[in-house]
Amino acid sequence: MKIERVEGTVSLRRTIESGTEEQRRAVQQIIDDVRNNGDRALKKYTEMFDGISFDTFAVTQEEIEEAYWLINEEMVHIIREAAQNIREYHERQRMTSWFMTRDDGTILGQKVTPLDAVGLYVPGGTAAYPSSVLMNVIPAQVAGVKRIVIVSPPNERGTLPAAVLVAACELGVQEIYKVGGAQAIAALAYGTETIEPVDKIFGPGNIYVALAKREVFGQVDIDMIAGPSEIVVLADETAKPNEIAADLLSQAEHDERSVSILVTPSLQLALKVEEEVEKQLATLPRKEIAQKAMNEYGVIYVTDTMKQAIDVVNELAPEHLEVMTAEPFEILSDIRHAGAIFLGSYSSEPVGDYFAGTNHVLPTNGTARFSSGLTVEAFMKKSSIVFYSEQAWRQHAAKIAAFARLEGLEAHARAVEERLKRGDK
Ligand SMILES: NC(=O)c1ccc[n+]([C@@H]2O[C@H](COP(=O)([O-])OP(=O)(O)OC[C@H]3O[C@@H](n4cnc5c(N)ncnc54)[C@H](O)[C@@H]3O)[C@@H](O)[C@H]2O)c1
Ligand SMILES: N[C@H](CO)Cc1c[nH]c[nH+]1
Ligand SMILES: [Zn+2]
């Protein structure tokens, strides 16, 4: 890990993978094929990319039962407890419709409606996280979404990871399809004989999945495109170097492009954390990934003051921020940009990844400057409500018509004035 003094600007912005021309063309072709040939195309690409042939893509009851055999009971209880915590937190985000009235009889309001159907992409390989199933499905359920569909590429046994199936089943998700990649995204967007289309697609995936999501946007809505994980630790001399190092490595093991940064006014702490990171890296099972991430994107910024350290954090606008100082709550009001803020030395970032109840789908790449993590709101939409009484119309019709004529929109003006004829009768 490099130790640097902060000079000039700092940034978390990395190039966003936009794929090669060849990949973009391949994705476009897969999407067209699924639109035209439905299940037949899904079958073809599943054979081609996942090496499995299916007659039906739906996960069966037997597969769910087998998954429960493969997961120990204690783990099922942990998943249940985590789910309860996540549900309790997200219940607080529930939105309600509201109305307001004016003396002239006008009633205005906002009607909140859950999306009818959403699709969650669960990536294959080692990146199949049951915790992400909880983080996406629970806010959808709290919002009141009726139809929740999970798609994920089949593994070499022709099924899905047991932990993913158990997490989904614990939440009562009943529609799970073994199909991945761009073909799964196309099926969710346009529908096939087996898979009914949805209204919005959530979840991460590889470049083919990301490109397909971009491509179908407009036909359906999509969530954010999340980049590799990031952690910034803001610490003073009271923090423990071994704990900081462990937390930095927790995110580095996600991806070779993950970013782990310590910002501190203490050079002594910086030196100790650097040493600890090397020590702890040596015994990590995902050492290769974490090492690459630390070499490329790991850095310790040493500042002159805590105030300067806070400025650096705000400039970085990280996905996750840990505040490990003597009085973390005193710093909270100065933090302006971070997807999730973990306060105090016991609030290690994985506490939020799995269990506390907050959502782990968060803005990356410096976008925490202007965006937020996944919330219940992402699964809802708002319709404005307008009721004009006769009194309100009489009082304001001329003003509205004048405004319309200012824009040169005569039909607008006449629509409002058309009601005058009623008074003539
Ligand atoms: N940001 C996050 O929160 C987060 C979390 C988990 C995983 N991820 C990402 O998910 C990804 C998982 O990748 P994965 O590949 O293991 O699983 P994946 O499910 O994203 O992709 C697998 C599918 O890719 C398609 N594919 C593979 N090669 C192809 C080709 N040549 N042409 C067309 N399609 C092809 C296949 O259809 C296959 O089923 C990683 O990139 C990881 O970084 C991100
Ligand atoms: N830290 C990841 C988001 O950046 C989420 C995750 C899932 N499992 C473990 N961690
Ligand atoms: Zn994580």
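Biologist: Is E410 buried or exposed, or something in between?
Modeller: In this predicted model, E410 is partly exposed, with a relative accessible area of 31%.

Biologist: And which residue does the side chain of E410 meet in a salt bridge?
Modeller: That is R405, at 2.9 Å from N to O. R405 is partly exposed too, at 37% relative accessibility. Salt bridges with shared partners join R405, E410, R414 and E417 into one network.

Biologist: How many salt bridges does the structure hold?
Modeller: There are 21. One of them pairs D33 with K44, where the closest N and O atoms are 2.7 Å apart. D33 sits in helix 1 (residues 21–37) and K44 in helix 2, so the pair links distant parts of the chain, 11 residues apart.

Biologist: Is D33 buried or exposed?
Modeller: D33 counts as buried because its relative accessibility is 13%, and buried means under 20%. K44 is partly exposed, at 40%.

Biologist: What about K213 and D223?
Modeller: Their side chains meet in a salt bridge of 2.7 Å, N to O. K213 is buried, with a relative accessible area of 3%, and D223 counts as buried at 11%.

Biologist: Changing topic, which residues come nearest to ligand 1?
Modeller: Of the 20 residues around ligand 1, the nearest are D50, Y121, G124, Q183 and N206. A side-chain N or O atom of D50 is 2.8 Å from an oxygen atom of ligand 1. For Q183, that kind of distance is 3.0 Å.

Biologist: How much of ligand 1 does the protein cover?
Modeller: It covers 70% of the 870 Å² of accessible area that ligand 1 has on its own.

Notes:
Residues are numbered from 1 along each chain as its sequence is written. Chains are lettered from A and ligands numbered from 1 in the order in which they are written. This is a predicted model: local features need pLDDT of at least 70, side-chain atom pairs count only at pLDDT 80 or more; totals for chains, interfaces and linings use all residues. Side-chain values use heavy atoms; hydrogens and water are left out. A residue is near a molecule or strand if one of its heavy atoms lies within 4 Å of it. A polar contact is a pair of N or O atoms within 3.5 Å; within protein, one must be able to donate a hydrogen and the other to accept it, and residues adjacent in sequence count only if both atoms are side-chain atoms. Accessible areas come from the Shrake-Rupley method with a 1.4 Å probe; for residues, only the protein chains shown count as cover. A salt bridge is a side-chain nitrogen of Lys or Arg within 4 Å of a carboxyl oxygen of Asp or Glu. Helices (H or I, at least four residues) and strands (E, at least two) are DSSP runs, numbered from the N terminus. Buried means under 20% relative accessible area, exposed over 50%, partly exposed in between (1.4 Å probe, protein chains only).
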